[in-house]
Amino acid sequence: MEQLLDYDAALFLYLNNLGSTTWDWFWLFMTNKYYQIPIYVVFLVLLLKTKHWKEVVLVMVTVALLITVTDQTATYFKRELFMRWRPCLQEGVMEYTRQILGRCIGYGYFSGHAANSMAVAVFLRFVLRKHYRRIVPLFIVWALIVGYSRIYVGVHYPLDVMTGFAFGTMYASLFYLLYRYVLKRFLKTTF
């Protein structure tokens, strides 16, 4: 396990130090959850164009629950199970980290940003794939960029991000099954 963590730290330092001041603004933008609001507006517009309003409400409630569960799982892992310091706080790593976020607190395993963005992307990919086959892969690209931004700004190791992606995908799949059940059972919609 120690060797895996060493590889993770080495990969983090390599990826983190690829950054340059030219691109810092972009990665800071991609890592800020509030700057992602326009993306969510686009998702909402796509839903409103293809779904009945009741289904849109169900999607919004499901996404809110999905983000809550994913985020709380990440918080539990960070604070109660693993308590692994973020690279910007880890001795032997922080000295070589290109830390551009301006703040670094607490534990980092696993990335809530990566988990939440992947959960939303995968869930909406399932929901919208019939109507927007060509653009739904961009949802996953968006989530991957958000995940990488956490490494770029210096607050997560690659393993933190990959674990976040895995949890996000798992929860999105489970919540999609729940969504389909509620849709069929209570809204009488068939697929």
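**Close-up views of the predicted model**

I37 is found in helix α3.

**View 1. A nonpolar surface patch that includes I37.** The structure shown in this and the following views is a predicted model. Helix α3 supplies the largest share of the patch, three residues. I37 counts as partly exposed because its relative accessibility is 46%, which lies between the limits of 20% for buried and 50% for exposed residues.

**View 2. The largest pocket and the residues nearest its centre.** The volume of the largest pocket is about 1200 Å³. Two or more lining residues come from each of the helices α2 (24–31), α3 (37–50), α4 (53–82), α5 (112–128) and α6 (136–152). The lining consists of 41 residues, and those nearest the centre of the pocket are K33, D71, G112, H113 and N116. Helix α4 gives the most to this lining, with nine residues. Sorted by class, the lining residues comprise 23 nonpolar, 11 polar and seven charged residues.

**View 3. V69 of helix α4 and its separation from N116.** V69 belongs to helix α4, the element that gives the most to the lining of the largest pocket. Its partner in this view, N116, is among the residues nearest the centre of that pocket. Although V69 and N116 are 47 residues apart along the chain, their C-alpha atoms are separated by 9.2 Å. V69 has a relative accessible area of 30% and is therefore classed as partly exposed.

**View 4. The salt bridge between R84 and D8.** Four salt bridges are counted in the model. In one of them, the side chains of R84 and D8 meet at 2.9 Å, N to O. This pair links distant parts of the chain, with R84 in the loop between α4 and α5 and D8 in helix α1 (residues 2–16), 76 residues apart. R84 counts as buried because its relative accessibility is 14%, under the limit of 20%. D8 has a relative accessibility of 6% and so also counts as buried.

**View 5. The salt bridge between D160 and R84, and the network to which both residues belong.** The side chains of D160 and R84 form a salt bridge with an N to O distance of 3.4 Å. The two residues again connect distant parts of the chain: D160 lies in helix α7 (residues 158–186), R84 lies in the loop between α4 and α5, and 76 residues separate them. With a relative accessibility of 0%, D160 is counted as buried.

**View 6. The salt bridge between E55 and K51.** The side chains of E55 and K51 meet in a salt bridge at 3.7 Å, N to O. E55 counts as buried, since its relative accessibility of 11% is under 20%. K51 is likewise buried, with a relative accessible area of 17%.

**View 7. Backbone geometry at M83 and at the Y109 to F110 peptide bond.** M83 is placed in the loop between α4 and α5. The phi angle of M83 is near 50°, a positive value in a residue other than glycine. M83 counts as partly exposed because its relative accessibility is 41%. The loop between α4 and α5 also holds F110. The peptide bond from Y109 to F110 is cis, and its omega angle is near 10°.

**View 8. Q99 and G154.** Q99 is located in the loop between α4 and α5. The C-alpha atoms of Q99 and G154 are separated by 4.7 Å, whereas the two residues are 55 residues apart along the chain. Q99 counts as partly exposed, with a relative accessibility of 30%.

Conventions: Residues numbered from 1 in each chain as written. Predicted model: local features only at pLDDT ≥ 70, side-chain atom pairs only at ≥ 80, totals over all residues. Heavy atoms only, no water. 1 Å grid on protein atoms, 1.4 Å probe; cavity = no way out; pocket = protein on both sides within 12 Å on 5 of 7 lines; lining within 4 Å. Points joined across faces, edges and corners; volume = space filled by probe spheres on them. Helix = DSSP H or I, 4+ residues; strand = E, 2+ residues; numbered from the N terminus. Nonpolar A, V, L, I, M, F, W, Y, C, P; charged D, E, K, R; others polar. Patch = residues over 30% accessible without salt bridge, like charges linked within 9 Å, V, L, I, M, F, W, Y side chains within 5 Å. Areas by Shrake-Rupley, 256 points an atom, 1.4 Å probe, with all protein chains shown as cover. Buried < 20%, exposed > 50% of the residue type's maximum accessible area, 1.4 Å probe, protein only.
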